[in-house]
2 protein chains.
Amino acid sequence: MMTLITADISNIWGILSLPDLLALEKEIFDAHKQLQTHTGRGGDRLGWMTLPDSITREARADLREAAARIAADAEYLVVLGDVGAQAAVRLMATQAKPRLLFFDGGFSSRAQRNLEARLQDRPFAVVVIAGSDMTTEQAVSLRALKLLLERRYGEDGAKKRIYVVTDPSRGTLRKLAASEGYAAFSLPADAPGNFGAVSAGGLLPMAVAGIDPEAVLSGASDARAQLDIRSFENPAWLYAAARTLLARKGFRAEFLGIWEPDTAALGRWWQALFAAAEGKSGHGMATAPLQYPRDLHTVGQLLQDGPRTIVETTLRFAPPSQRATIEMDWQDAGGVDALGGKTLDAVGEQAAIAAIEAHADGGVPIITLECGAPVAQTLGELFYFFQLSCALSGYLAGLNPFATPGADLYELQLGKRCGMLPR
Amino acid sequence: MMTLITADISNIWGILSLPDLLALEKEIFDAHKQLQTHTGRGGDRLGWMTLPDSITREARADLREAAARIAADAEYLVVLGDVGAQAAVRLMATQAKPRLLFFDGGFSSRAQRNLEARLQDRPFAVVVIAGSDMTTEQAVSLRALKLLLERRYGEDGAKKRIYVVTDPSRGTLRKLAASEGYAAFSLPADAPGNFGAVSAGGLLPMAVAGIDPEAVLSGASDARAQLDIRSFENPAWLYAAARTLLARKGFRAEFLGIWEPDTAALGRWWQALFAAAEGKSGHGMATAPLQYPRDLHTVGQLLQDGPRTIVETTLRFAPPSQRATIEMDWQDAGGVDALGGKTLDAVGEQAAIAAIEAHADGGVPIITLECGAPVAQTLGELFYFFQLSCALSGYLAGLNPFATPGADLYELQLGKRCGMLPR
């Protein structure tokens, strides 16, 4: 079976050996089996695994309808929550309006005022995406936007412009939606937040931005089918195994270099996914996304010659069907005449090889991921690929990848300090 | 003497001891002295140290004039290079037009096409910022934009819309500017690129965005004066010493959590500065910027309970003079009624304390930096503070912080693969 995403680990030999990898085969088989049979840690939080195929036709129609309503009503959609949607929108939004504002203003008066200035005299709507609990920031931002909407459109008008995606039955946000009559969509109760990129929480904002949810779901669904391979032909096995073995050898950081601009949100999604899943009991790697080739000129120095405890993972998209050619110039402006006539993508391919050659020479273990062109289908595949790789990595480390008790301590502490009731 | 930026290292005790710190006093004194007397490694690349006060009145007037010309001519200014300017513009651009497009499309046909679509029917100008050598990507992007301008405005019209900031005498870009007659500004020949945030390279784009270069320079100049303190009252000493001692104890990563949105570019500037300066001979920490409180809910898990080899540095801005208050609501939408009547900033302060309490409980060494409100003056201070801290850190590690021979290997390799002459 051909897989959609490929993982090339040929640049880790020397640091790892083939016997190292083969010795892990039984462990990763067991990890994969535990996931599929719900017998591992956090086995009640595996809703994300079937998500690509479990969203009903009716739920999809509801999402499309809501997206159309927002598009008709609003010039701006303020999104509180979900970096997965942001990853998709930044890379491939197909329409200019409504414009999506992913707001994470935290407790900044400056950011709040800038947002309000931007919304001045512009029709807008709000979508809040949260599991059973909102963060304090989300609750505070929602309140401010709700009051702004009420003053502008009256209480009833405001209610029609707030959309909620949350736990099907529990939590403050569900209760609020019920009492206020907000349009409400469901996140699976059994999927942790970071694993919800292809849930309604991700798909609603994407649909508003003109990204077809069916394409994203179809990519995720294909990945789900193809990543069921139970051997090292499975790129998720290769990726999880390589990074696990490197972590066991003492590697303590993983940089993901993405060869495409406008992927900062995708990188952040990846960073958050792995950091939250693996950062437990003294385990986990410091994850940090980079953009290539931009960051090769600066952070590349650290990779090339810094401490030998950093894993470099690179991600390349296939070139799009329409490619741009580097033109010849009458005079050689900038000393790059040798590139005249080549497509940008052909030079990009050489650049990726050049970076691998340079870093491999420096003794850096490099995992190379390749996927399709940067379109919705590919992003669906990538979401699923990384989620599965992350779950496998977590199980290989003996952890529950789906709980974040450590991250909750901050929120608890804040609640105590401010006299808030536990939500 | 009161310093503008404070560094609080009270949350590293337990991992480091006061005697550890005091034992470093002589080393850091020597490092500082080598910087000031140009007797350390890379002593010929210290132009950044005097930059805040060495840009002539005439050069400043030229910058202002160029910025005014761009504003009159263009709706968009495409900026090739300089993340320092991007940091300032994202945080505090004061005018909507011209809009700045920081383009780092690399070799992506998709990004190049999107840029061209955006510039369609819109008057635009281009500024290229590079030391003696452009990167290959800059040269390729400049060529495409130059041809686009020539087709639209003719050769002479194009020449008037391309601005260059580069080495005063050497390199392709300087040569090109001379032969084509582009308006050209100078980067100090003796300052490395990453240390040029308050050079003309940073200041020209800032000025176009309505940020007063004088305010940025004045902040940097104040910092220069105040960070001359030769004791641990100097926050740059404290910051450099704490991270150096932690690195010596085996810490391998440093996260910078910035308590303010729209600071991704500032974070990237910091990350690049330290990674490029320190990532040498097996030394250096994996640097990664975060945005707080957003990332506390995900990456916070890794900090709280992951490997004890991560340093957490946090940066807080003082609240602005105009603050937003969290309103009361008739019904408690979101369970945050306890916050009603407080300013966002007051809650933000509690959140910052909550995060420190939680992470300190988890045994994380935390360095807390505080600076002024997010205005141009403060950013000038921060640029200088981080540059000085970085130079001190590099000297403490016995490195030349101002050279990046490792990062250049990638570019060399790419040149070889594509048959380009060394530029």
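I start with the largest cavity, whose lining counts 10 nonpolar, five polar and four charged residues. By class I mean that Ala, Val, Leu, Ile, Met, Phe, Trp, Tyr, Cys and Pro are nonpolar, that Asp, Glu, Lys and Arg are charged, and that the others, Gly among them, are polar.

Before going on, the conventions. This is a predicted model, in which local features need pLDDT of at least 70 and side-chain atom pairs count only at pLDDT 80 or more, while totals for chains, interfaces and linings use all residues. Residues are numbered from 1 along each chain as its sequence is written, chains are lettered from A and ligands numbered from 1 in the order in which they are written, and side-chain values use heavy atoms, with hydrogens and water left out.

A cavity here is a set of points, on a 1 Å grid over the protein atoms alone, where a 1.4 Å probe fits but cannot get out; lining residues have an atom within 4 Å of a point. Points are joined across faces, edges and corners, and the volume is the space filled by probe spheres set on them.

The search of the whole structure gives seven cavities of 30 Å³ or more. The largest has a volume of about 200 Å³. It has 19 lining residues, and the closest to its centre are A:Phe107, A:Ser108, B:Trp259, B:Glu260 and B:Asp345. Two or more lining residues come from each of α6 (109–119) of chain A, and β9 (310–317) and α14 of chain B. Helices (H or I, at least four residues) and strands (E, at least two) are DSSP runs, numbered from the N terminus.

The second largest cavity holds about 60 Å³ of space. Its lining includes A:Arg243, A:Glu278 and A:His283. Which helix gives the most to that lining? Helix α11 (residues 235–248) of chain A does, with four residues.

Next, the interface. The contact (heavy atoms within 4.5 Å) takes 110 residues from chain B and 109 residues from chain A. Together the two chains bury about 9200 Å², 59% of it on carbon and sulfur atoms; buried area is the accessible area (1.4 Å probe) that two parts lose on being put together, summed over both. B:Arg110, B:Arg143 and B:Tyr410 supply 9% of what chain B buries against chain A, more than any other three residues.

Salt bridges take a side-chain nitrogen of Lys or Arg within 4 Å of a carboxyl oxygen of Asp or Glu. There are 14 across the interface of chain B and chain A, including B:Lys146 with A:Asp329 at 2.8 Å, N to O.

Over all chains the structure holds 46 salt bridges. In one of them, A:Arg122 pairs with A:Glu75, with the closest N and O atoms 2.9 Å apart. A:Arg122 lies in the loop between α6 and β4 (124–129) of chain A and A:Glu75 in the loop between α4 (57–73) and β2 (76–80), so the pair ties together parts 47 residues apart in sequence.

Last, the backbone. Most residues other than glycine have a negative phi, and most peptide bonds are trans. A:Tyr292 and A:Pro293 are joined by a cis peptide bond, with omega about 0°; A:Pro293 sits in the loop between β8 (286–291) and α13 (299–305) of chain A. A cis bond also joins B:Tyr292 and B:Pro293. A:Asp262 has a positive phi, near 65°, and lies in the loop between β7 (253–258) and α12 (264–278) of chain A.

Terms used
On a 1 Å grid over the protein atoms alone, a cavity is a set of points where a 1.4 Å probe fits but cannot get out, and a pocket is an open set with protein on both sides within 12 Å along at least five of seven lines; lining residues have an atom within 4 Å of a point.
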